Structure formats: structure tokens, C-alpha cells
Amino acid sequence: STSTKPLRGAFILFEGGDRCGKTTQSESLVKHLHSKGVDAELWKFPDRQTAIGQMINAYLQGKTETDDAAVHLLFSANRWEKRDAMLAALSAGRTLVVDRYAYSGAAFTAAKGVPGLDLAWCKAPDSNLPAPDATIFLSITPEAAAKRGGYGSERYEKEEMQKGVARKFEQLKDATWHSVDASMSVEAVEAEVRRIADAALRSCEDGRPVQYLWL
Ligand code: 2DT
């Protein structure tokens, strides 16, 4: 008999500005994968449950003021504290569908325009974290997003900030990047997302090793 190493799971990331449909699409993809018998789990960053996540949550809700560099490092630390669990899940064959990650981290802080906190500085603390096999960027203009029932009341949910974030995402595009027009119907976006996810799963089946940021 042949010994078979279990296939690793894929790391499929959703990124995009606020109100682009990330939550709807990431939940729908996990359901779809489950219906096909794929072991898949939805993760979200920031993970507001941890001690670090609670500090981030208080900052986003405007309950605390934190230095921009310090809060950036908290967002990054919130990924580092999940790194081992992430790698363990992937090597156990579990596909991770992740709602926001280091690209949001770099785009949001860099969009603040704080001297010294440029994109290179913002990317540095996340280097060597597991990288996504596919990044699905749900693309929508901040104007169209603002029309979708308006932004919430958290710190970054303002049209000017979202425009700056969109420009920074543009500069973060890499080989994993798939831009999907999020102004299409939910069903049309789902179809695109499934096509991209299927290809990512197949590349992992074909032996693609886990990648690391920002290579
Ligand atoms: P949610 O609305 O998706 O919970 O995000 N953000 C997110 C950062 O500034 N840095 C990061 O590293 C991450 C992951 C994006 C809450 C807000 O936090 C921003 C929106």
C-alpha cells in the first residue's frame, strides 16, 4: 500500500474596503466548500476575542486613543499570536477562508499618512507570517460602498479614509491577487469567488507549499 500524506489546506484571503461584501462572500464560500465535503473554516482579523484583540476593539470603537505605530503593531501581533494555529490547521488539511489580514494592516495604517509610517514600514512586522494562496480583492468604489446603507461608526469608516485605503491596496497587489468587481450581483461575485477558490485548492493538491509574506 502507498502511504499518503494528508493534503494541506488552502489559505484563501478576502480583502477589500468596508461594505464590499467580504462577510457575505466569505461565509458563502465556506458553506459552498462544506457542501463539497471540503474541511474549511472561516477566520477573521482582527480577532477581537484575544487580549490584544480587545485592545484593538477598544481603539476601533473610539474608547481608547493609541499611538498609530503602536496600534499597527497590535494588529500585527494579533496575527502573530494565531500563526502556529494557522500553520497547524493548514497542515492538518483544513482550508482557511480569512476575512482581512496583513494587506488590510498595511493599507489602513499607510492610508493615515503619518510621517515615517509608509507602506514599507507598515509591511515589515508581518513579514514571515503565512501568506495566502489566493487573495480575493472585492473591488468597489468608496462612493458605491457608501451607498450600500452607509458606513458604520467605527474609527476608519469614513469615505476619505476609504479612498486612501483603496489607493494603498492598489500598491499591495501581488502574485496571489485576484480582483473581483464587487458591484456585480451577489451570485455573480460568488461564481467568480468559487472559480478562484477551486484553483487555489487544486494548486495545494498539486503540492504547492505554504508561502510566507512578503515574498
Ligand atoms: P473589520 O470591520 O473587518 O472588523 O475591521 N484593520 C484591520 C486595520 O487597520 N489593520 C489590520 O491589520 C486589520 C486586520 C480595517 C476593522 C477595521 O480594522 C482595520 C477595518
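## Confidence

Within the protein, helix α7 (residues 142-147) has the lowest confidence, with a mean pLDDT of 81, while helix α3 (residues 68-80) has the highest, at 99. The model is predicted, and the mean pLDDT of the protein is 95, with 98% of its residues at 70 or more. For the complex, the predictor reports a pTM of 0.96 and an ipTM of 0.99.

## Domain record

An unreviewed UniProt entry lists residues 14-192 as "domain: Thymidylate kinase-like".

## Ligand surroundings

The residues around the ligand are F45, P46, L60, F75, R100, S104, G105, F108 and Y156. Sorted by class, this shell has one charged, two polar and six nonpolar residues. Helix α5 (residues 102-111) gives the most to the shell, with three residues.

## Nonpolar core

The largest nonpolar core has 41 residues, and the ones with the most contacts inside it are I12, V98, A107, I136 and L138. Elements that give two or more residues to this core are the strands β1 (11-15), β3 (95-99) and β5 (134-139), together with the helices α1 (22-35), α5, α8 (159-172) and α9 (186-205). The largest share, seven residues, comes from α5. Helix α5 also gives the most residues to the shell around the ligand.

Leaving out residues up to four places away in sequence, V98 touches F11, I12, L13, F14, W43 and F45. Of these contacts, F45 is also one of the residues around the ligand.

Definitions and conventions. Residues are numbered from 1 along each chain as its sequence is written. This is a predicted model: local features need pLDDT of at least 70, side-chain atom pairs count only at pLDDT 80 or more; totals for chains, interfaces and linings use all residues. A residue is near a molecule or strand if its C-beta atom, placed from the backbone, lies within 6 Å of it. Helices (H or I, at least four residues) and strands (E, at least two) are DSSP runs, numbered from the N terminus. Ala, Val, Leu, Ile, Met, Phe, Trp, Tyr, Cys and Pro count as nonpolar, Asp, Glu, Lys and Arg as charged, and the others, Gly among them, as polar. pLDDT is the predictor's confidence in each residue, from 0 to 100. UniProt positions are given in the numbering used here, feature names are shortened, and annotations may be inferred rather than shown by experiment. A nonpolar core is a set of buried Ala, Val, Leu, Ile, Met, Phe, Trp, Tyr and Cys residues joined through C-beta atoms within 7 Å. A residue is buried if 20 or more other C-beta atoms lie within 10 Å of its own, exposed if 12 or fewer, and partly exposed in between; C-beta atoms are placed from the backbone. Two residues are in contact if their C-beta atoms, placed from the backbone, lie within 7 Å.
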